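Reader: I'm new to this one. Could you walk me through how to read it, feature by feature?
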Amino acid sequence: MNRSFALLAALALLSGCQTFTSSEPDGVPPVEEASAVAEVPKPEVYASFSQETLLALLTAELAGQRNRFDIAIGNYVQQAQATQDAGVAERGFRIAEYLGAEQAALDTSLIWAKNAPDNLDAQRAAAIQLARAGRYDESMTYMEQALQRKGSTHFDFLALSALETDPDTRAGLLQSFDRLQSKYPDNGQLLFGKALLLQQDDRPQEALELLEAQSANQDEIPPLLLHARLLQSLERGEEALPLLEKGISLHPDDKRLRLTYARLLVEQDRLDDAKGEFASLLQQFPQDDDLRFSLALVCLEAEAWHEAIVYLEELIERDSHVDAAHYNLARAYEALGENDSALIEYALVGPGNDFLPAQARQAQLLLDSKRGAEAAQRLSEARTAQPDYAIQLYLIESEALASHSQHEQAWQVVQQALEQFPDDLNLLYTRAMLAEKRDDLDLLEQDLRFILEREPDNSMALNALGYTLADRTTRYDEAKELIEQALQLNPQDPAILDSLGWVNYRLGNLDEAERLLRQALARFPDHEVAAHLGEVLWARGKQREARKVWANALKQQPDSTLLRSTLLRLTGSETF
């Protein structure tokens, strides 16, 4: 072997092994820059490697420098298996982990752990890779080896890795935790991992009792955060506040604790306190735009509109959360009555989560201002600019027009949309609802039947057709069958309960009608449900209670034409 070639190979291998130490921060590429050459090693370090091995490792390093990671990882895995050398295996593991090559990471971690039995990093790496592969019993064996050497473990990761597994696997892993806990009853990391596993298994009370019973590591940050989350999940969020306050006093600079505390203050409706906490966090971390956005949202929730505007404008200046900032700026301007400014901001929202809500609010504002032509023009331009949103934009325009009782214009928009997208089920459903307004029940049934041919389990279409047949025809038995199918699919939907109550009323089943309509109104205090319940009560001779139901509904929706027409039909007057 050429002497200079052997030296080059040794240099490459040494620099490679040094690149991936366990203290290396995440995200650092697993290759060494060509200029970063280590000191010349002693030749005897590599005396046990064959020329073939050295050549393979050198090729791997050069391949890595040229972004040919497939060659790099392939050679390292092969040589780790061939040499059973801990250093080569570790290097291969670090590269595989960086690349997300799961099988290679597992293979090399096991070789590393086997040949470095006293290395805690090696034992932990093997345990974690086994857990990722679903081999939990083997993983626990390596975790126990780390415990025996008094090292820190990753039982929390082991528990979290079981999140997507089946219940039997989680149950087996929990048994493994129990066995280890019997050997190491005071190990805080083990108890914390078991509590995490119980939380995932939807056993929050047991997880909470486990955390509260242990004396070890109660003041450490991860158990504190888990403790707080468990209390929140059990609707005991007020108890989590002093717990987090204690944690913050012990760890005043920990961002996770303070952020959890701030969010819990929002959940407890202590908005002023939450604003102060978020403001303090932002002062501590002024470059964190997620915090800045959270603070803006808390200000909006607290109706501190001008404060919110300041933070939202800062986000736009910093080119962060730009679309969400424009959308929420518009909300703030709307609340302040500055609708022209709101329209400007809504128009600036680009494609993404806030785009369609912005278009909907923009259309509503323009129609409220009697600027329907401008609303139509803006939505047309939006469809041209963003064709992927065309169907949703047609629906927004149609629904906005219908909400302003402009049913003929809404109909024309849907017809235009269906010329372009003739089989879209959402457009057909919208046309069916508008057809009912036009007394075209044949078209309504045609469109809803078309939807049900393609989606037999569409509870919304089943309910709409059933309700219309009950309300506008005498096909009551057919209507009841359709509505009952919808209820089987969605038994908690108050709209379906309302329809079922109404068809029972039409069939003369007044007891059942009243029972169902009371349920519906309790779940959804809507003017239409109130009109129906009041009518059933009236028919049963409970006129005083019927008037009370209608009066309460009119307080919530005084412009309800359905309520007033029901009153006029049954009492002879639209008012009390």
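Author: Let's begin with burial: buried means under 20% relative accessible area, exposed means over 50%, and partly exposed is in between (1.4 Å probe, protein chains only). Phenylalanine 93, for instance, is buried, with a relative accessible area of 2%. Tryptophan 112 counts as buried at 2% relative accessibility.

Reader: What should I know about the model and its numbering?
Author: This is a predicted model, where local features need pLDDT of at least 70 and side-chain atom pairs count only at pLDDT 80 or more, while totals for chains, interfaces and linings use all residues. Residues are numbered from 1 along each chain as its sequence is written, and side-chain values use heavy atoms, with hydrogens and water left out.

Reader: How many aromatic pairs does the structure hold?
Author: Rings of Phe, Tyr and Trp (its six-membered ring) pair if their centres lie within 6.5 Å; planes under 30 degrees apart count as stacked, over 60 as edge-to-face and the rest as tilted. The structure holds five aromatic pairs. One of them joins phenylalanine 93 and tryptophan 112, a tilted pair at 5.7 Å centre to centre with 35° between the planes. Phenylalanine 93 lies in helix α4 (residues 86-99) and tryptophan 112 in helix α5 (residues 102-115), so the pair ties together parts that are 19 residues apart in sequence. As for the names, helices (H or I, at least four residues) and strands (E, at least two) are DSSP runs, numbered from the N terminus.

Reader: Which helix holds both tryptophan 502 and tyrosine 505?
Author: Both lie in helix α28 (residues 494-506), three residues apart, about one turn of the helix. Tryptophan 502 and tyrosine 505 are both buried.

Reader: How do I read a nonpolar core?
Author: Think of a set of buried Ala, Val, Leu, Ile, Met, Phe, Trp, Tyr and Cys residues joined through side-chain atoms within 4.5 Å. The largest one here has 68 residues, and those with the most contacts inside it are Leu226, Leu257, Phe278, Leu312 and Tyr346. A second, separate core of 50 residues includes Ala382, Ala400, Leu428 and Ala461.

Reader: And what does leucine 226 touch?
Author: Contact means heavy atoms within 4.5 Å. Not counting residues up to four places away in sequence, leucine 226 touches Phe192, Ala195, Leu196, Gln199 and Leu211.

Reader: Can we take a single helix as an example?
Author: The expected span of a helix is 1.5 Å times one less than its number of residues. Helix α20 has 14 residues and reaches 20 Å from its first C-alpha to its last, close to the 20 Å expected. Its buried residues include Phe355, Ala358 and Leu366. Among the elements covering the buried residues of α20 are α18 (322-335) and α21 (372-385). Just after α20, lysine 370 takes a positive phi of about 60°.

Reader: Where does asparagine 67 lie, buried or exposed?
Author: Asparagine 67 is exposed, with a relative accessible area of 57%. It is found in the loop between α2 (51-65) and α3 (69-83), and has a positive phi of about 65° although it is not a glycine.

Reader: How many salt bridges does a search of the whole structure find?
Author: Side chains of opposite charge can pair when their charged atoms come close. We count a salt bridge when a side-chain nitrogen of Lys or Arg is within 4 Å of a carboxyl oxygen of Asp or Glu. The search finds 37 of them. In one, arginine 258 and glutamate 277 meet at 3.1 Å, N to O. Arginine 258 sits in helix α14 (residues 255-267) and glutamate 277 in helix α15 (residues 271-284), 19 residues apart. Arginine 258 is buried, with a relative accessible area of 7%, and glutamate 277 is buried at 14%.

Reader: Which residues are linked in a network of salt bridges?
Author: Asp511, Glu514, Arg518, Arg540, Lys542 and Glu545 are.

Reader: What about a charge over a ring?
Author: That applies if NZ of Lys or CZ of Arg is within 6 Å of the ring centre and within 35 degrees of the ring normal. The charged end of arginine 438 sits over the ring of tryptophan 411, 4.0 Å from its centre.
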